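Me: I'm new to this one. Can you walk me through how its parts meet?

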Amino acid sequence: MFERIMSSKGWWRLFQAYGLVFLIFLYLPLALIFVYSFNANPINMAVWTEFTFDWYKTIFFGAGTAGSFDAAFTESPDRIFEVVRNSAIVALSASTISTVIGTATAIAIRRYDFVGKKVYQALLVLPMIVPDIVLGIALLIFFVGAGFELSLLTVIIGHTTFLSSYVFVVVSARLAGMDMSLERASADLGAGPLTTFRRVTLPQIMPGVVGGFLLAFIISLDDVVITYFIAGVGSQTLPLFILAMMRRGLRPQINALAILLLSFTFTVAAIGLYLRSRKS
Amino acid sequence: MDGFLQIRSATKMYRTPEGGSIRALDDVTLHIRSNELISLLGPSGCGKTTLLKCIAGFEDLDHGDITLTGQSLTRIPAHRRPFNTVFQNYALFPHLTVERNVAYGLDVAHVERKERTRRVGEALEQVGLAGFGARMPNQLSGGQQQRVAVARSLVLKPKVLLLDEPLSALDRKMRESMQIELKSLQHSVGITFIFVTHDQEEALSMSDRVAVLASGKVQQLASPKEIYDEPQNEFVANFVGTSNIFKGKVIAKEGRTLTLKTANGRELAVASDRFGVGDDACAVLRPEHLKLSGEARDRAIKGTVTQSVFVGSEMHLHVDVGLGRTAVVRHRHNKGSTEAAYGPGADVTLYYTPEAAHVIECKGA
Amino acid sequence: MAETGATASRNRRTLILLLAPLTILLGVFFLIPLGIMVVYSFLEPGLYGGVEWNWYPYNYGRLIGWPLNDYEVFDPIYLKIFLNSLQIALMTVAGTLLLSYPAAFWVASMKGPRKSLVLFLVALPFFANMLVRIYAWLLLLRPTGFLSTLLESTGLIIEPLDLLFTNFSVIVGMVYVLTPFMFLPIYANVEKLDYSLVRASRDLGATNVQTLWRIILPLTAPGIIGGSVIVFIPALGNFIVPSLLGGSKVQMTGNLIERSFLQSRDWPFGAALALLIMAFVVVLFSLQFSRQSKSEGQGTR
């Protein structure tokens with residue numbers, strides 16, 4: 001289509017080349033981590049010595065199990081397991097709860113009209129607009145002031161609050177394309193509200209619900225800023241752990257850990273994007 | 001021959017996604033006169049829009065060339081050609097007022113403000129939209145948007161105005177009134193309009209000449225009357241209006257009158273200068289030229305009515321004439337007449353005057 | 001359709017049931033905390049953290065350099081940091097815009113499965129952990145990092161190149177992290193752009209540059225503005241990028257907020273800083289909202 005804007009072949013080629021540069025800009029930094037994660041050089045990652053899987057092995061089995069890495073270069077597998085477990089608990093519970101709550105809200109907004117609906121809808125998207133750091137410190141002040149002990153629970157509550165908004169938006173988008181007369185048709189055919197929901201509404205909005213859940217899950221898993229303020233001593237999540245590692249100095253084990261985390265989130269995201277593209 | 005806008009052996013290929021290529025234009029030669037309204041008529045995919053784009057300069061030809069008063073346009077980009085286009089969806093700039101839309105071409109050419117205002121005013125007046133200058137495009141009706149698009153092009157005083165199915169988005173009534181308006185506008189501005197359409201009625205009613213296109217080739221270029229009465233081939237006969245086509249062999253010739261014998265042994269009398277005994281030929285009979293009769297007649301076609309459709313002013317009868325062929329007949333039904341009603345199942349005889357039949361060559365008769 | 005009283009009251013019950021969870025959640029864990037933060041920003045910091053319940057406007061005074069008490073002198077250090085944050089955020093907007101705008105046209109010019117694939121590739125890094133993405137730039141920019149080593153080995157530079165801990169490195173990191181936020185709204189707009197308008201403009205005699213300036217830019221402005229707003233806000237409040245790529249040399253408001261909460265334990269001052277950022281958010285979004293509803297009021301075809 002746009003060939004004609006680029007009236008000469010030269011401009012068109014430049015345009016194509018730019019596109020490649022853009023993709024390289026997006027992926028080269030990540031590719032660098034990937035390559036470095038297999039570099040055996042424990043001191044300077046930019047200098048290649050030899051190929052190794054050892055950094056990955058140390059994540060699961062600890063220092064000394066692979067080659068002769070000093071414990072100073074690695075974290076203990078127990079510690080890593082603990083933060084991964086924390087992250088999993090937080091991400092799974094926060095995204096599950098927010099999927100239920102966000103979906104319920106989206107259905108209510110789509111189905112009913114009520115006084116102040118516009119304002120209410122604006123309130124619903126507010127948590128997505130407020131900068132992370134503001135939300136983080138507001139929750140910190142609140143939790144401390146209300147006597148909550150900072151723990152996995154406070155992190156889950158914090159995440160659920162803003163993730164519900166994301167799920168609400170995703171499910172609403174799906175509901176907007178749904179024919180509401182189907183619900184009436186179902187009721188007309190004698191189905192009760194619950195049956196109608198289970199057999200008509202839910203199957204229709206399922207892609208939105210699953211998409212919302214996956215999005216919430218990834219955001220929760222990746223969140224740094226809000227968690228940073230409301231996580232307690234025993235409730236460090238994986239991103240916070242990586243942040244702490246980075247602040248202590250760049251060591252090769254971070255590469256391997258980062259690549260494992262990336263592979264996981266990319267897989268989940270790819271499933272989500274695939275489901276969305278298949279439905280539209 | 002008027003050498004105003006000449007298209008010679010224009011060929012344009014497109015690559016298909018499967019890796020093959022299709023000829024959107026296949027050796028098209030057309031001579032377009034100055035100050036005429038010519039329609040490019042054809043089904044979708046016939047190449048009419050491609051031809052328009054090539055004339056406008058949005059696409060380049062693979063072979064052949066286009067000249068304007070003898071000068072080749074090949075190396076002249078779209079924005080330098082003295083042509084302007086009215087797009088199918090009008091392509092009005094949604095962020096600009098009517099006035100700014102019409103002024104656009106003058107703006108980008110840095111025409112001085114006084115003259116610009118004058119010409120924009122003139123153009124809006126021409127299309128009957130004086131006083132609408134401050135509106136936004138989305139505050140106008142379809143017909144008004146159409147006029148703005150025309151004014152926006154005419155303000156630049158092009159030598160040729162290209163119209164790409166400009167009426168297809170309008171409803172029937174509006175379309176008919178715009179047809180008349182465009183025709184009279186063309187008369188008053190006195191430039192060539194090239195009008196792309198798939199609507200044959202539109203092409204026939206507005207144009208000085210019609211070029212019928214199919215599969216990248218010009219099938220016939222002639223006046224609307226000629227196109228309808230004397231289609232050059234089967235495609236034109238079928239595409240323009242409804243035709244009953246009978247294929248056969250000429251078995252006798254008597255002055256201008258030929259006798260055509262069809263596959264099922266029927267003998268038809270037709271008038272033509274062109275064919276001789278032994279030639280394959282097709283007789284084209286328009287539904288309005290077929291008359292109905294209850295009784296048997298000489299040199300007539302017998303058949304059985306299979307369907308009769310009432311369309312208000314007349315009846316359209318579908319008549320089975322044997323060998324699985326159906327002929328369409330238009331029958332004016334007089335109110336209060338005592339004529340027998342030709343319902344399904346009625347046996348009828350169709351007759352016509354040999355002069356009413358048009359004879360064309362048959363492809364693989 | 002007239003509803004019977006029974007149906008209406010059942011509907012009302014269902015509505016309340018469906019809306020209650022999120023309403024309570026947002027009320028208790030979102031609105032109330034934000035309210036408390038506003039209140040805190042006007043209170044006196046306690047000696048060992050926490051607050052004293054005294055009216056204390058000096059949090060805001062300190063922000064713009066007013067001498068706080070008798071023993072403090074005029075020092076606009078926080079104002080300077082805030083202005084630097086604004087500058088970095090604006091440069092980030094400019095950087096993401098320059099990168100994303102042509103890229104959006106590039107993707108929009110593609111067709112079929114190739115387009116889906118490239119869109120997927122562009123969207124995917126959006127889901128990569130922010131820390132990991134910043135970390136990648138640490139590896140690229142530090143003196144013993146990829147860029148420096150590469151340039152040294154080609155002989156272009158002799159001394160190791162230290163690109164870290166500058167406004168530049170912070171902006172690069174921000175641009176990298178926030179580019180998807182700019183790309184997606186612009187792309188949505190470019191994708192919708194009616195190409196016949198471009199052709200009409202060319203047909204009416206406009207050059208490519210005139211077409212870009214008069215037609216394409218105005219028509220894609222909503223995407224540009226939308227993208228700019230949602231890049232600007234997280235850039236302004238960000239503290240992770242400056243703390244990792246800016247070190248102690250580049251301070252942004254986000255770092256100040258973090259420090260006043262987790263180190264100096266001056267919560268009221270941190271709250272005041274957060275509200276300053278919130279003020280930008282509120283103003284930008286209400287502008288955006290009124291612009292949007294205005295264009296909707298006019299109706300779009």
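**Interfaces and domains**

Reply: Chain B and chain C together bury about 2100 Å², and carbon and sulfur atoms account for 57% of it. Buried area is the accessible area (1.4 Å probe) that two parts lose on being put together, summed over both.

Me: Which residues of chain B lose the most area to chain C?

Reply: His79(B), His95(B) and Tyr104(B). Together they make up 27% of what the chain B side buries.

Me: Before we go on, what am I looking at?

Reply: This is a predicted model, where local features need pLDDT of at least 70, side-chain atom pairs count only at pLDDT 80 or more, and totals for chains, interfaces and linings use all residues. Residues are numbered from 1 along each chain as its sequence is written, chains are lettered from A and ligands numbered from 1 in the order in which they are written, and side-chain values use heavy atoms, with hydrogens and water left out.

Me: Ok. How many residues of chain B and chain C are in contact?

Reply: 24 residues of chain B touch 21 residues of chain C. Contact means heavy atoms within 4.5 Å.

Me: How many salt bridges cross between chain B and chain C?

Reply: The rule finds one. A salt bridge is a side-chain nitrogen of Lys or Arg within 4 Å of a carboxyl oxygen of Asp or Glu.

Me: Which side chains meet in it?

Reply: Those of Asp107(B) and Arg214(C), at 3.8 Å, N to O.

Me: And how many polar contacts there?

Reply: Eight residue pairs, both residues at pLDDT 80 or more. A polar contact is a pair of N or O atoms within 3.5 Å; within protein, one must be able to donate a hydrogen and the other to accept it, and residues adjacent in sequence count only if both atoms are side-chain atoms.

Me: Which elements of chain B supply at least two residues to that side?

Reply: β6 (83-86), α2 (98-108) and α4 (142-154) of chain B. α2(B) gives the most, with four residues. Helices (H or I, at least four residues) and strands (E, at least two) are DSSP runs, numbered from the N terminus.

Me: What classes of residue are on the chain B side?

Reply: Eleven nonpolar, ten polar and three charged. Ala, Val, Leu, Ile, Met, Phe, Trp, Tyr, Cys and Pro count as nonpolar, Asp, Glu, Lys and Arg as charged, and the others, Gly among them, as polar.

Me: New topic. How is chain B divided?

Reply: Into domain 1 (5-237) and domain 2 (242-361). The bounds come from an automatic or database domain assignment. The C-alpha centres of these two domains of chain B are 39 Å apart. Their contact takes nine residues from domain 1 of chain B and eight from domain 2 of chain B.

Me: What area is buried between them?

Reply: About 760 Å², with 49% given by carbon and sulfur atoms. In domain 1 of chain B, Tyr228(B), Glu234(B) and Ala237(B) lose the most, together 67% of what that side buries.

Me: Which side chains form a salt bridge there?

Reply: Glu234(B) and Lys247(B), at 3.8 Å, N to O.

Me: What about chain A and chain C domains?

Reply: Chain A has domain 1 (2-59) and domain 2 (78-249), with C-alpha centres 34 Å apart. Chain C has domain 1 (1-40) and domain 2 (77-300), with C-alpha centres 36 Å apart.
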